[in-house]
Amino acid sequence: MENAKQAPSTPKENRDHLECVQGWINFARRTSDENAPDVSLSGPFPNALFGHIPDPPPMLSYDVTIRNARPIVHELSLDREGFTLIQHKISCANERDPEIVYDRYLEEMVPFIKKYFNASWVVPRREAVVFRSAGGSSMPRIKEPIVWAHIDYAPILGPVAAAIASQSRGIPLRSYSRLMIVQAWHALSLPPHDFPLAICDGTSVHDTDIEVVDNVFNGTALKLGLAHFNPAQRWYYFPEMTANELILFKAFDSQEHCNPKTVHAAFDNRRAHPNAKPRESIDARFFVYYE
């Protein structure tokens with residue numbers, strides 16, 4: 001079932017001919033003879049959920065072709081490619097107090113997500129509302145953009161993460177027919193951005209492209225997925241994003257046939273825009289339920 005609103009049907013674009021840029025993205029090493037530059041990671045290996053990976057695999061860097069997805073936005077499906085772009089304005093785009101933004105962003109986004117997906121109820125993960133910037137930000141408590149390809153929730157983790165989020169907010173556990181984990185991404189700074197978000201078409205990611213690794217968050221053992229490079233993967237981004245636009249992508253879906261492997265990462269786009277501004281962005285995660 002596709003819950004996202006669909007744009008009117010128009011002729012399909014030839015995706016091989018879309019405008020593109022080249023960007024370096026880090027991937028987990030697949031084989032010992034893989035021919036790509038090694039990536040040196042200092043300190044604990046962090047992840048998108050503020051935890052760390054105790055035993056990370058070696059990482060390699062690949063120069064990836066990343067296509068402009070704006071011409072095909074009317075073709076994108078959360079149940080197929082796993083991501084889309086919509087128009088959605090937030091009132092806290094210019095706010096610089098993180099505590100105010102956390103609360104106001106969730107106050108606005110929870111009812112929006114519930115309505116957009118026609119869901120029965122939505123549980124946000126407040127501690128996973130994240131500000132990010134590659135540098136030069138006026139906002140405190142900024143996290144760096146994540147430049148390694150990953151899925152925040154390994155499929156086996158989805159229901160467990162949802163239960164933890166509900167319990168942490170004192171929400172009683174309820175039975176459901178379907179659970180999705182939806183991630184939202186807003187750019188807060190003016191374009192062009194130095195480290196935009198790139199997302200891989202879920203239909204181009206194979207099961208063997210994902211390596212499930214242990215992740216420790218607040219003392220709890222969890223799991224996430226790191227991606228191996230595959231030349232068949234199709235990567236996309238939305239250039240020139242403004243604060244009135246929102247990327248939605250799916251991290252998990254209990255309906256297996258609607259569960260794309262939505263691998264994503266930031267990439268350095270300063271080759272295309274040498275004077276690009278430091279990206280400021282906010283991203284969040286929502287557990288979307290159906291009775």
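Partly exposed means a relative accessible area between the buried limit of under 20% and the exposed limit of over 50%. I171 has 28% relative accessibility, so I171 counts as partly exposed. The model discussed here is predicted. I171 is found in the loop between α2 (158-168) and β10. Its C-alpha atom is separated by 8.6 Å from that of V123, and the two residues are 48 residues apart along the chain.

**Aromatic pairs**

The structure holds twelve aromatic pairs. Take Y62 and F229. Their ring centres are 3.9 Å apart and their planes lie at 10 degrees, so this pair is stacked. The pair links distant parts of the chain, 167 residues apart. Y62 sits in strand β5 (residues 59-68). F229 sits in the loop between β13 (220-227) and β14 (235-237). Both Y62 and F229 are buried.

A second stacked pair is W121 with Y289. Here the ring centres are 4.7 Å apart and the planes are at 10 degrees, so the pair counts as stacked. W121 belongs to strand β7 (residues 121-124) and Y289 to strand β17 (residues 280-290), so the pair ties together parts that are 168 residues apart in sequence. W121 is buried, and Y289 is buried too.

The charged end of R174 sits over the ring of W121, 3.6 Å from the ring centre.

Which residues do ring pairs link into a cluster? They are F27, Y62, F229 and W235.

**The loop between α1 and β7**

F117 has its place in the loop between α1 (98-116) and β7. Its relative accessibility is 2%, so F117 counts as buried. F117 and Y290 are 173 residues apart in sequence, yet their C-alpha atoms are 9.6 Å apart in space.

N118 is found in the loop between α1 and β7. Is N118 buried or exposed? N118 is exposed, because its relative accessible area is 61%.

**Backbone exceptions**

Most residues other than glycine have a negative phi, and most peptide bonds are trans. N118 is not a glycine, but has a positive phi of about 55 degrees. E240 is also a residue other than glycine with a positive phi, near 60 degrees. E240 lies in the loop between β14 and β15. Its relative accessible area is 40%, so E240 is partly exposed.

A cis peptide bond joins P191 and P192, with omega about 0 degrees. P192 lies in the loop between β10 and β11 (197-200).

**Cavities and a pocket**

The structure holds three cavities of 30 Å³ or more.

| Space | Volume |
|---|---|
| Largest cavity | about 120 Å³ |
| Second largest cavity | about 90 Å³ |
| Second largest pocket | about 180 Å³ |

The largest cavity is lined by 16 residues. R132, W185, L197, H264 and D283 lie nearest its centre. By class, this lining has eight nonpolar, three polar and five charged residues. β10 (178-187), β16 (264-266) and β17 each supply at least two residues of the lining. Which element gives the most to the lining of the largest cavity? It is β16, with three residues.

The lining of the second largest cavity includes W185, P192, L197 and E240. W185 and L197 are also among the residues nearest the centre of the largest cavity. P192 is one of the two residues joined by the cis peptide bond, and E240 is the residue with a phi near 60 degrees. The lining of the second largest cavity divides into eight nonpolar, three polar and one charged.

The second largest pocket is lined by 14 residues, with I151, P155, N259, P260 and K261 nearest its centre. The elements that give two or more residues to this lining are β12 (210-217) and β15 (245-253). Nine residues of the pocket lining are nonpolar, two are polar and three are charged.

**Cysteines**

A disulfide is a covalent bond between the sulfur atoms of two cysteines. How many disulfides does the count come to? With a limit of 2.5 Å between cysteine sulfur atoms, the count comes to zero. C20 has 41% relative accessibility, so C20 counts as partly exposed. C92 is buried, because its relative accessible area is 2%.

Notes:
Residues numbered from 1 in each chain as written. Predicted model: local features only at pLDDT ≥ 70, side-chain atom pairs only at ≥ 80, totals over all residues. Heavy atoms only, no water. Phe/Tyr/Trp six-rings, centres within 6.5 Å; stacked < 30°, edge-to-face > 60°. Helix = DSSP H or I, 4+ residues; strand = E, 2+ residues; numbered from the N terminus. Buried < 20%, exposed > 50% of the residue type's maximum accessible area, 1.4 Å probe, protein only. Lys NZ or Arg CZ within 6 Å of the ring centre and 35° of its normal. 1 Å grid on protein atoms, 1.4 Å probe; cavity = no way out; pocket = protein on both sides within 12 Å on 5 of 7 lines; lining within 4 Å. Points joined across faces, edges and corners; volume = space filled by probe spheres on them. Nonpolar A, V, L, I, M, F, W, Y, C, P; charged D, E, K, R; others polar.
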